[in-house]
Every structure is written in C-alpha cells, then in structure tokens.
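Thanks for coming. I have one model to go through today, so let me put it on the screen.

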Amino acid sequence: MTAIKHALQRDIFTPNDERLLSIVNVCKAGKKKRNCFLCATVTTERPVQVNVVKVKKSDKGDFYKRQTAWALRDLGVVDAKDAVKESPEFDLHFDKVYKWVASSTVEKNTFISCIWKLNQRYLRKKIDFINVSSQLLEESVPSGENQSVAGGDEEAVDEYQELNAREEQDIEIMMEGCEYAIANAEAFAEKLSRELQVLDGANIQSIMASEKQVNILMKLLDEALKEVDQIELKLSSYEEMLQSVKEQMDQISESNHLIHLSNTNNVKLLSEIEFLVNHMDLAKGHIKALQEGDLTSSRGIEACTNAADALLQCMNVALRPGHDMLHAVKQQQQRFSDLREQFARRLASHLNSVFVQQGHDQSSTLAQHSAELTLPNHHPFHRDLLRYAKLMEWLKNTDYGKYEGLTKNYMDYLSRLYEREIKDFFEVAKIKMTGTTREGKKFATLPRKESAVKQETESLHGSSGKLTGSTSSLNKLSVQSSGNRRSQSSSLLDMGNMSASDLDVADRTKFDKIFEQVLSELEPLCLAEQDFISKFFKLQQHQSTSGTTNEVEEMDGVALSRSYTSGVPQTVSSEKDMIRQMMTKIFRCIEPELNNLIALGDKIDSFNSLYMLVKMSHHVWTAQNVDPASFLSTTLGNVLVTVKRNFDKCISNQMKQMDEVKISKKSKVGILPFVAEFEEFAALAESIFKNAERRGDLDKAYIKLIRAVFDSVEKVANESQKTPRDVVMMENFHHIFATLSRLKISCLEAEKKEAKQKYTDHLQSYVIYSLGQPLEKLNHFFEGVEARVAQGIREEEVSYQLAFNKQELRKVIKEYPGKEVKKGLDNLYKKVDKHLCEEENLLQVVWHSMQDEFIRQYKHFEGLIARCYPGSGITMEFTIQDILDYCSSIAQSH
C-alpha cells in the first residue's frame, strides 16, 4: 500500500500541487468487483482545499488516472454501518449516497479517522459521523503509522521553522567554543543548561532593577492623560465658537456657486449670440449687390457672385438645437429667402434676355464664310456667358426651377440659331459638291425647306452632267461591248476609262475635300458647345475611369460605343444624360443634314461612299477617344451606319450588274467591263483606304467582289459564241492576275494565285485545242504505230507491218514539205489573232506557247522514227530550226 501511495503522490497529486494524506482500496457495494482508490488530499497552496479523490487503474496500461473528485465541504454524512462489529462497508453522503466496500477494516478505519481530523482542522461545517467507534474520533490518536498518515505530516510541516542566518552563525560560534560537544553530548547539554540558568537569573535581576523606571513611567502617563482631558475641553469650546462661522461660510459658498453659474450662463449666451451674428449677418454691400448689382459689367458680376456665395453660406449655416425657435433667427431666415428669390428672379430675367438676343440678333452669318466653307465662331458669346458660370451654379443649388427654365430657354433660342447656320453651311457644301452656284442669292436669307433644297440640288445634278460614277460607267461599258464591233468597242471603252480615271477622279477628290471640311467644321463646333454647356450649367462632363466600362456594339458592321456606369453616383450619370439631351436638341439638324449630304454624294458617284466611310470612321474614332458617350460620338456613329450601308449598297450594285451583263454574239469579248471596273475600284480603294481604320470593311468587300468577278467571268465564257471559252478565261484572268500583282492586296493573295492558275490552265488548253494536229496524216500514221506497240509488238518490229512499213512512212512524210507547214502555221496565226483582243496583248505569248507545243510534237515523231525504224535514214522534210524560222517570220509579217 505504501508503494501505491508513493506512486499516486508522484504521478497524480504532485503535478496538481496536492499532498496525499490517506488512501483506501474500495469497490462499489452490490456490483461486480472493480477496485479503485479513495484518496484524502490537501492542496499545498493557501487557502488549503481538502478533497476526496477517486483514482482508478487505466484499462490500457498499468498507470492510474484521476476519475472523480469531491470537495470535503460537500460531504454531509460518513456512515461506518456498525460501531461495534467490524465491517468493511461504509457510505459517503455527497450530492448522493456512495456505497463502498473497503479491502480491509483497518484501511476503512484509518481513512475515516483522517476524514474526521481534516474536518476538525479545516472545515467550519462539521460532518456527521454515524456508526463510527468513539476511539476513531479522539483528538489524540495512537502513535505509529496511522498518526503519520492521518495528519502528522501536516502538523510537522506547520511546526517546523527554518533557521535564519544569524541563528546559524550563533550556533556555529557556540559549537566552536565547545569542541567536545560532538564527542560528549551530555557535557555539551550540561554546559548549555548552566548558561541558560545564568541568563534567566540575569533577566530576573534586570526586571527587578527596572521597577523604579516603571513607576516613573506610570506617573508620566497619568499626567499625560490629564493634559489630554484639558485639550479636549478647549477643543469643545473652540468648536462651539466656530459653529456660527461655519454657517456664514456655507452661505458665502452657496452665493459663490450662484455667481459662477450665472457667469457660465452668460459666457454660453455670448457664444451663441456671437455664432448667430458671425454666421447669419449679411454685409450691407452684399445686400446692395443682390438687390441692385450690375449684371452687365465684369465688376458687377463679380460683386453679385461674392454676395450670392455669402448669402448661400448664411442660409446653409448649421444651426444649433433651439436656434430655429428664436424670433430673430426666423426673421433673418425670411429675409435671406426674400433676397434669394429676388436675386434669382433678376438673374434669370437677365440671362433670358441674353439668350434671346443671341438667338435673334446673331450678326455673323454664313455669307462671310461662304468662300471658305466655315461655320461661325461662337467663342465670344461663350466667353461672355462664362462670366455667369458661378452664378448659374448658385442658381442650380438654390432655385432649381429657375435654373431648369434657363436651360430650356437656352436650348430653344440657340437651337434656332444653330439650325440657320448649319442649314446654310450644308447648302453651300452641296452647291460646291455639284459645281454650280446660285447667282444673286445671299446666305443670310431665311433657310429654305429641306425638300426645296433637295429638289434644287437634284436639278443641278441633272444639268451638270457629272454623275459618271462606277454605276454609269459600268452600264456604258456593258452597252458598248454588247452593241458594237471590236474597233468601236475599243474606242468607247477608252472613252469610258477616260471619264472614270480623269473626270471622276477630279470630282471625287473635290468631294473628298468638301466632305472632310464639313466634318472638320462640325467637330470643333460641337465640342466647343458641349464644353461650354458643361462649364456654364455646371454639369459633369466626364466620369471617373474606374467606374466606367465601354462596350462596343456592332450594327451593320459599324462599331458604336455605349457607356455603362457602375459604381458612379446617380447624379453624375443623370448630368451626363442632361448634356446629351441638350446637345441633341441644340444640334437636332446635324444628323439629317449629314444624311442628306451623304445621299447627295452617293447619288453623284457611288464610289464617294468609299471616301465617306474612311473620313467618317476616322472622325468617329477620334470622337470616341475623347468621350465615347458624347453627342458628337453618338451622332457620327449613327451617320456612320448610313455610310456603311451605302458602301455595302455600292458593292451589291456592282455585283448585281456583273450578273446582268450581256455580251455581243457577233463581236469578240475581250476584257470584260466588270473586270476593268474591278481594277478601277481596287485602285481607287487602295488609294483611299491607305492607313484607314476601316480596312477590314474593304477587305470583306474585296472578297465578295472578286468572287463575283470570278463567277461572272465563268458565266460569260460559257455563254460566249464568237470567242472561245478558253480565250475569255485566259485573257480576263490574266488581267485580274496583273491587277492583283500590281496592287499587292494582302487579303486577295489566295485569289491572285487562283487567277494565275486559271490563266495558265486555259492558256494551255487553248494552245492544245487551237494547234490541234497540224500534220494530220502523219499524226494518224504514228497513232497507228503507237497502237501496235501497245498491242505487244516490239518497236523495232513495227516496220515489218504492211500498213506501217518504211515505204508508207516515206509516202506520208512527203505530203508535208516545209512550204505546207509554213502555210498551216500562217493560217493558225491568223485564227489566233482573230480570237485575241488587243487590250491584253497576249498574242505573242499564245504564239510562243503554240510554237513550243508544235516542237514538242515534232520531237515526239522523231523519237518514234528513231525507235521503230532504226537505221532507215528516214527524216522529216523540215527541221526544228525551220519551225522556229517559220514562226518568227509569220509573227514579224503580221
């Protein structure tokens, strides 16, 4: 049991700062026997805590673990079951009754005795011990193991005191004086006893000697007490005397408190008055400026602006609680309100008169700018109005109704002014485009209706004879090629090309410059007006970059930018919408006028849509870089859609006319008109779209046009009766290949290779078809020879065949002397010359290819003679050199 006790102390209780005093091995009554230990412990720290701990052996090893702990103060009853008869059973009453059976009666009694002693020593509440022998409950317990277990250790700890350094030193000195103390303890003890007796005697004598001093001290104490009584009497009299003074001082203190409170209130009242005076007092000069200030001079405007700002500050001052209930404050607020209303009314009236004067009395008209095709400059008007910008901001913050009315009036009057100027400007642009002038008419007249202008410009177009674009020239070329002979067609084609390449180029360049001038004048006009509106009406023109995302929408192939706002205050978005609405109303005539101008340009020459697409795209791109959601960007984007549709319509019309082209059945075809038209279109487009933003649209048009050209060439070649199909294909695809090679259009590289391949294939096909078999009988003879060889007869044995012997070969060769051969080649040259056209100049190329093909046949015949008739000495009547001479002389003679 001792070993178990030491093990439990070391493993369980020492880590928890507890000491194990008693232990009993128990098991629960009435159940399967599972032993555990009940331990009585105390803590080593103050205050001491006494616990009863249940310790159980672990199921997984030989070590013990703490299972349950009860505080001894919670123990109500200890029942030993029988005080006379020895029994190992006992009960402990905590929150419930725990019934235990000890392994032995001795352990049970020792544990109960320890519990009793701990209760007596540490607990105020006494535990009831029933059925316990009185011997176990005695204060003094027998010496031995039980005593040490029950509480000896605890008492020993309490009685033990460690020696301090002084006591240690004294003991060492004393033991050094008695060297024999270690050898003879009795002698040392006797010496100590004698010295102690001597010391006690000295103490008694000292006490007896000090009796006299004690008596003197007692007398002094008695006298001191008497003095204290006298002092107390004096203090009581003094206190009675000061009682009246205390009452007076209390009254003075209360009076001082009231004075301090009054001063504090006065300081606060002064602070409130100063606050109201400083923040709600408007200077007389400001009042006079608001009532009578001059709104026409710069100095007067500045004074009114300062006065309006001061008034706004006074009206917007943050009043403290209770101020709004003061009658003076209410009167001042009413006065401020009246001043604000009066000045707002006067300011609105003045600005309205300025707007009316600007709208009706604008002196700078387009008559002064007609020669340069420029729009009037509104910078002086904007500069004068911007002096009122701060007052407009004040009006916006104080009286939004009048601010809104001024905005509406500005849009009404300025829209009329801009409409007159812009319509006159576009009318001059249309007249310059058509190349006619209006005599005796001034541009300052009232603008005519749009229908009248359109009718006049249309009549001017009809009389000018300048509508010679791609459509008219294409029709002219197709009609000429279908109704005339070769020479007549060629001359008319030259005339058509002259018109397209000389007259049309000049007109198109002129149109391009005028259209660019129109856009260049409109763009700064709109940007200047938009900038003025944002500054004068104090509207947010630009949003923050972090809150704006631009989304590009494509409509009919045209990129239009739309702006979406995320995380931006609603006021910013609404103010940007207000700018767009104002610009839309002021410049409502720009978009229809631009569309009319575009329609006129397209009617003059459909190729003008190329110029307009490039110019309009560039201006849209520039406007979107400045502000994607601005009026200018939106308007130009909408017009760009129309331009793109006209461009697509131009391409579609050319493709349609390719399908409708007809050729003459009696004259040769030559270079088809739409092939020449494609060359003209491509050359013009490359010059226009050089470094342009809309290059992708042109590339798509190229693909559509070239495929239509290819298909139409095939169609015409199949329908041609006068000119062989191979000649039509060869000449036209050669022309297409030459055009693509010269222009170097990157997106048509595949079509260029295809055109070259078609040209080569049809050249070879035409050569083989036209040359045919110039030595017909000789060809038939050698075909029979090749047939015999194919049947299995050896080449050197063919000469033994009756129909193909040497005699028959010589007979056939004699029928083709050199003179006959030259005559046949001359007829072939004339035939080829009839088929080919002069424009493409392919006669010598075709003739050289026929010469090579004829020489190839000649060499084939010579090879067959050498293999099938070896050693016969048979040769042709003419040589390869003769063929070359014949061909050269024939070409030179023609």
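Does histidine 734 count as buried or exposed? Bear in mind that this is a predicted model. The relative accessibility of histidine 734 is 19%, and the cut-off for buried is under 20%, so the residue counts as buried. It sits in helix α22, which covers residues 725-743. Leaving out residues up to four places away in sequence, histidine 734 touches Tyr759, Glu840 and Leu842.

Now the chain as a whole. It has 894 residues, and 43% of them are buried. There are 28 helices and 10 strands. Of the contacts with a separation of 6 or more, 71% are between residues 24 or more positions apart.

Next, the cores. The largest nonpolar core has 174 residues, and the members that touch the most others are Leu385, Tyr410, Val518 and Val846. Helix α12, residues 400-434, gives this core its largest share, 13 residues. Domain 2 (663-772) and domain 3 (799-893) both contribute residues, so the core lies between them. Another core, of 32 residues, lies apart from it; Leu21, Cys114, Val132 and Leu136 are among its residues.

Back to Val846 for a moment. What is valine 846 in contact with, leaving aside its neighbours within four places in sequence? The list is Met730, Leu763, Tyr766, Val767, Val832 and Leu836.

Two helix pairs to finish. The crossing is right-handed. On the α27 side, the contact is made by Gln844, Trp847, Gln851, Phe854, Ile855, Tyr858 and Lys859. On the α28 side, the residues are Ile880, Ile883, Leu884, Cys887, Ile890 and Ala891.

The second pair is helix α17, residues 590-604, with helix α19, residues 631-660. Here the axes are 10 Å apart and the angle is about 25 degrees. α17 and α19 are therefore roughly parallel to each other. Their crossing is right-handed. From α17, the contact involves Ile590, Glu591, Leu594, Asn595, Ile598 and Asp602. From α19, the contributing residues include Phe631, Thr635, Leu636 and Val639.

Note on methods. Residues are numbered from 1 along each chain as its sequence is written. This is a predicted model: local features need pLDDT of at least 70, side-chain atom pairs count only at pLDDT 80 or more; totals for chains, interfaces and linings use all residues. Side-chain values use heavy atoms; hydrogens and water are left out. A nonpolar core is a set of buried Ala, Val, Leu, Ile, Met, Phe, Trp, Tyr and Cys residues joined through side-chain atoms within 4.5 Å. Buried means under 20% relative accessible area, exposed over 50%, partly exposed in between (1.4 Å probe, protein chains only). Helices (H or I, at least four residues) and strands (E, at least two) are DSSP runs, numbered from the N terminus. Domain bounds come from an automatic or database domain assignment. Contact means heavy atoms within 4.5 Å. A crossing is left-handed if the near helix is turned anticlockwise from the far one by less than a right angle, and right-handed if clockwise. Axes are lines fitted to C-alpha atoms, for helices over the stretch in contact, and angles run from 0 to 180 degrees between N-to-C directions. Angles under 35 degrees count as roughly parallel, over 145 as roughly antiparallel, 65 to 115 as roughly perpendicular and the rest as oblique.
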